[in-house]
Amino acid sequence: MVQERLPAFPTTPAKVDRATGLRLYEDMVLGRTFEDKCAEMYYRGKMFGFVHLYNGQEAVSTGVIQAMRPGEDYVCSTYRDHVHALSAGVPAREVMAELFGKETGCSKGRGGSMHLFSAEHKLLGGFAFIGEGIPIALGAAFQAKYRREVSPDHPNADQVTAAFFGDGTSNNGQFFECLNMAALWKLPIIFVVEN
Ligand SMILES: Cc1ncc(C[n+]2csc(CCOP(=O)(O)OP(=O)(O)O)c2C)c(N)n1
Ligand SMILES: [Mg+2]
């Protein structure tokens, strides 16, 4: 028999104070203007390789990542990763430098648009293969759970991981395998499907 596990979601609007609202808005505006500038630079032939934009999806990145603890909790992105990196706290200058293939980029200029990474900001990566990030995110969630079991007083014992991916990617086998493991082991992971 299938057990019903869905929690009850409150339907009342969230209360956001002015300071928080401004912080969230600022993060969204940063994401939008950053992507607009990327589009401009890409079409002017200044950026190499592929550049996949996130215009119009800023609220998802901001709403999820800013509700977590940027720099404390893990974020795992997709090939559309610029704005997730910004919300996670990677400085815009480091993200932009990466897109220009510079040594000062967050992946030392070796990754480019789809391979943003920052250990400091707990950004597990952008990934060119769709669904590739989901098992990586699951691994991060597993280590958090394991750490909580062996040393519950560790300051990072309550880390949460957010795994972002598109609706098309939810057709991928890795997604179903990871859902299964996450449920089986009760891992602290949030699967964010962006449609
Ligand atoms: C393993 C793999 N197969 C195919 C592709 C080619 N591909 C690039 S984007 C994409 C569709 C992704 O759709 P979705 O996850 O909904 O993301 P969206 O572009 O809508 O944000 C595919 C199939 C890929 N990158 N990786
Ligand atoms: Mg899609």
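This is a predicted model: local features need pLDDT of at least 70, side-chain atom pairs count only at pLDDT 80 or more; totals for chains, interfaces and linings use all residues.
The face of helix α5 turned away from its buried side carries the exposed residues Y146, E149 and V150.

**Helix α5**
- With its 18 residues counted at 1.5 Å a residue, α5 should span 26 Å, and this agrees with its end C-alpha atoms, which are 26 Å apart.
- The residues of α5 that are buried are G133, I134, A137, L138, A140, A141 and A144; seen down the helix axis, these buried residues fall within an arc of 160 degrees, so they line one face of the helix.
- The cover over the buried residues of α5 includes the strands β1 (74–76), β2 (123–125), β3 (161–166) and β4 (189–194), together with the helix α6 (173–185).

**The largest nonpolar core**
- This core has 37 residues, and among its members A137 and A163 touch the most others, while helix α5, residues 133–150, supplies the largest share of the core with six residues.
- Apart from its neighbours within four places in sequence, A163 is in contact with G133, I134 and A137, and also with C76, I189, F191 and V192.

**Around ligand 1**
- The residues around ligand 1 are R80, then A128, F129 and I130, and finally F165, G166, D167, G168 and T169.
- Sorted by class, the shell around ligand 1 consists of four nonpolar residues, three polar residues and two charged residues.

Technical notes. Residues are numbered from 1 along each chain as its sequence is written. Chains are lettered from A and ligands numbered from 1 in the order in which they are written. A residue is near a molecule or strand if its C-beta atom, placed from the backbone, lies within 6 Å of it. Ala, Val, Leu, Ile, Met, Phe, Trp, Tyr, Cys and Pro count as nonpolar, Asp, Glu, Lys and Arg as charged, and the others, Gly among them, as polar. A nonpolar core is a set of buried Ala, Val, Leu, Ile, Met, Phe, Trp, Tyr and Cys residues joined through C-beta atoms within 7 Å. A residue is buried if 20 or more other C-beta atoms lie within 10 Å of its own, exposed if 12 or fewer, and partly exposed in between; C-beta atoms are placed from the backbone. Helices (H or I, at least four residues) and strands (E, at least two) are DSSP runs, numbered from the N terminus. Two residues are in contact if their C-beta atoms, placed from the backbone, lie within 7 Å. The expected span of a helix is 1.5 Å times one less than its number of residues. The arc is that of the directions from the helix axis to the C-beta atoms.
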